Amino acid sequence: MNKIWLSSGVLNSQLAKTGLPLWMLGLGADLLWADMNRLLAFLFHQGVLDEQFLQLQQLQDEASPNFVSEVLNIYFHESEKLLTNLRGLLMEREYKKMEIHLNQLMGSSSSIGAKRVTNVCVAFRAATHHTNRAGCLHALEMLEHEYCYLKNKLHELFQIEQQRALVAGVRYPEQNQNQ
Amino acid sequence: MESQNNNQNLTIQLTALVVDDNKVNRKIHQKMLDNVRVKNLGVKNGKEAVDIHCDGRRFDLILMDLDMPIMNGIEATKELRSMGISSMIVGVSSRCTEAEIQKFMEAGLNDYHEKPLNIAKLSSILHMINPNY
């Protein structure tokens, strides 16, 4: 990567591989940070996420820099298995087994702050208690919808975070001592 | 004297066992404990929790989930107490019915918290074990 010099306030910049002047990449990081915060605020406002998601983010540190994405990848993997099983169990009217799966999904969803998914799980569980097949089917469809929406939005968040980290990771070499 | 007490506090290390069949919850609870320097281990059901104690391991704190396959939290808590385990056992579950919580407490819990656990709840639990922590 080419060096930049700061001399008497004049930027003598060369281009990074992106084609952007290197000094602009810092601004890009700020804009991406703003995008990320806007998306998070939107998800909180819509009730998709709750405060528990912030707790999750706070657990991430230098010792575990990818902690949030690791947790969410486990969550996605486990949730998709549970949702597939739920559909099968509903077809077989296995309400007790469905309740066990729902407790699992509810537990992990509430732990990551997935508020709307958790709420649908609660309603679904109530329908299984009443062995209400139509109610369960409706709840399952809602659950699949909410889960897909959550997953898409969290992926969007990750993409912005990755771009921000990439841009923010541009290092500015030391100022040329001779100038 | 004060600096000696401070040094003792620095060397205190609590230990914890996280008993939960849910991978997400186990990972989160273990990370919470890591972040407050509580040495910890995770197991995925009550039977594994009992087995680890049969092997001679002891923990200051056991975070016990309720609904688990093979051996649930109530059965595991009863078993551990019958073995003479005096660790602080805190039940954690997403179940809300009073009857189930009561049954869980009667098995031998010291405390119960509804999931999700957060840093504030964990701090209050650790403070109960050691006020200086």
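## Chain A: overall build

Along its sequence, chain A of this predicted model runs β-β-α-α-α-α-α-α. That comes to six helices and two strands. Chain A has 179 residues, and 40% of them are buried. Among the contacts in chain A with a separation of 6 or more, 63% join residues 24 or more positions apart.

An unreviewed UniProt entry gives the annotation "domain: HPt" for residues 64-157 of chain A. Over residues 64-157, chain A is 88% helix and 0% strand.

## Where chain A meets chain B

The two chains touch through 22 residues from chain A and 17 residues from chain B. About 1,800 Å² is buried between chain A and chain B. Carbon and sulfur atoms give 56% of that area.

Polar links also cross the interface. Between chain A and chain B there are 10 residue pairs in polar contact, both residues at pLDDT 80 or more. Three salt bridges are counted between the chains. One of them pairs the side chains of B:Lys31 and A:Asp61, with 3.0 Å from N to O.

## The chain A side of the contact

Which elements of chain A give two or more residues to the side that touches chain B? They are helix H2 (51-59), helix H3 (67-91) and helix H4 (95-112) of chain A. H4(A) gives the most, with nine residues. By type, the chain A side divides into eight nonpolar, 10 polar and four charged residues.

A:Gln52 sits in helix H2 of chain A. Is A:Gln52 buried or exposed? A:Gln52 counts as buried, because its relative accessibility is 9%, under the 20% cut-off. Leaving out residues up to four places away in sequence, A:Gln52 touches partners in both chains. In chain A these are A:Ser110, A:Ser111, A:Ile112 and A:Gly113. In chain B they are B:Pro116, B:Leu117 and B:Asn118.

## Chain B: the annotated aspartate

UniProt, in an unreviewed entry, places the feature "modified residue: 4-aspartylphosphate" at B:Asp65. B:Asp65 lies in strand S3 (residues 61-65) of chain B. B:Asp65 is buried, since its relative accessible area is 4%.

What does B:Asp65 touch, not counting residues up to four places away in sequence? Its contacts include two aspartates, B:Asp20 and B:Asp21. B:Lys115 and B:Ser93 touch B:Asp65 as well.

B:His29 belongs to helix H2 (residues 23-35) of chain B. B:His29 has a relative accessible area of 3%, so it counts as buried. Setting aside neighbours within four places in sequence, B:His29 is in contact with B:Val18, B:Leu63 and B:Leu117. B:Leu117 is also among the residues that A:Gln52 touches.

B:Asn132 follows helix H6 (119-129) of chain B, in the segment after it. Why does B:Asn132 count as exposed? Its relative accessible area is 55%, and exposed means over 50%. The C-alpha atoms of B:Asn132 and B:Ile70 are separated by 37 Å. Along the chain, B:Asn132 and B:Ile70 are 62 residues apart.

Note on methods
Residues are numbered from 1 along each chain as its sequence is written. Chains are lettered from A and ligands numbered from 1 in the order in which they are written. This is a predicted model: local features need pLDDT of at least 70, side-chain atom pairs count only at pLDDT 80 or more; totals for chains, interfaces and linings use all residues. Side-chain values use heavy atoms; hydrogens and water are left out. UniProt positions are given in the numbering used here, feature names are shortened, and annotations may be inferred rather than shown by experiment. Helices (H or I, at least four residues) and strands (E, at least two) are DSSP runs, numbered from the N terminus. Contact means heavy atoms within 4.5 Å. Buried area is the accessible area (1.4 Å probe) that two parts lose on being put together, summed over both. A salt bridge is a side-chain nitrogen of Lys or Arg within 4 Å of a carboxyl oxygen of Asp or Glu. A polar contact is a pair of N or O atoms within 3.5 Å; within protein, one must be able to donate a hydrogen and the other to accept it, and residues adjacent in sequence count only if both atoms are side-chain atoms. Ala, Val, Leu, Ile, Met, Phe, Trp, Tyr, Cys and Pro count as nonpolar, Asp, Glu, Lys and Arg as charged, and the others, Gly among them, as polar. Buried means under 20% relative accessible area, exposed over 50%, partly exposed in between (1.4 Å probe, protein chains only).
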